[in-house]
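User: I have a model to go through with you. Could you start with the core once it is on screen?

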Amino acid sequence: MPNINLIYYLIAGGIFGALALKTGIPAAPLAGALIGTSILSITGKVDVANWPSGTRTILEIGIGTVIGTSLTKDSLVDLQSLWRPAILITFTLVITGLAIGLWTSRLLNIDVITTILGAAPGGISGMSLVGSEYGVGAAVATLHAVRLITVLLILPLVVKCLNLFGIIKS
C-alpha cells in the first residue's frame with residue numbers, strides 16, 4: 001500500500017498549485033504547491049511523507065529536462081552578450097550571500113554553516129543536499145523554501161508595479 005501521507009501531500013500540492021495558476025504569478029504551480037504542502041506539514045496533522053526510492057532523482061531529471069529544453073540556439077547567441085552580466089551577478093550573489101550568512105549567524109547566534117548555505121544563491125534541492133552533508137539539510141531547506149516562496153510572491157508584484165509606473169517595460 002502506498003504511503004498515505006505522500007498522497008495527502010500530493011493532493012495538497014496539486015490543489016494549491018492549481019489554485020495558484022489563477023494568480024498569474026510566474027511559476028505559480030510551483031509556488032502554490034510549496035505553500036500547500038508547507039501548510040499541511042506545518043499543521044503537524046500529517047507525518048512527513050516517505051518518497052519511494054529514486055523519486056527525487058526522477059524529479060530532478062524532469063526539472064533539468066524542462067529547463068534544458070528552454071535553452072536553444074538563440075540562448076547561445078544571447079550568451080555572447082550575457083556572459084559578463086552572468087559572471088558579475090553570480091559573483092555578487094555569492095559574495096553577498098556569504099556576507100549575509102556570516103552577519104546573520106553573528107546577529108542571531110545561529111549556526112554559521114546553516115546561515116551561509118541558507119543565504120547562498122541556489123535552489124532548495126542543491127543547497128539542502130550540501131547542507132545534509134553538514135547535518136543542517138532541513139534547516140537550509142527551510143530557509144530556501146521561505147526565500148523561494150517570498151521571492152515568487154513578491155517580485156512579480158514589484159515588476160508589475162514598476163511596469164505600471166513606467167519605470168520598466170515588460
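Analyst: The largest nonpolar core consists of L6, Y9, A12, L40, V46 and A49, six residues. Such a core is a set of buried Ala, Val, Leu, Ile, Met, Phe, Trp, Tyr and Cys residues joined through side-chain atoms within 4.5 Å; buried means under 20% relative accessible area, with a 1.4 Å probe and protein chains only. Helix 1 (residues 4-20) supplies the largest share of this core, three residues. This is a predicted model, in which local features need pLDDT of at least 70, side-chain atom pairs count only at pLDDT 80 or more, and totals for chains, interfaces and linings use all residues. Residues are numbered from 1 along each chain as its sequence is written, and side-chain values use heavy atoms, without hydrogens and water.

User: What is L6 in contact with, leaving aside neighbours within four places in sequence?

Analyst: L6 is in contact (heavy atoms within 4.5 Å) with A49, N50, W51 and P52.

User: New topic: how many helices and strands are there?

Analyst: The protein has seven helices and zero strands. These are DSSP runs, numbered from the N terminus: H or I of at least four residues for helices, E of at least two for strands.

User: And how much of the protein is buried?

Analyst: Buried residues account for 22% of the 170 residues.

User: What are the dimensions of the C-alpha trace along its principal axes?

Analyst: The C-alpha trace spans about 55 × 40 × 35 Å along those axes.

Terms used: Buried means under 20% relative accessible area, exposed over 50%, partly exposed in between (1.4 Å probe, protein chains only).
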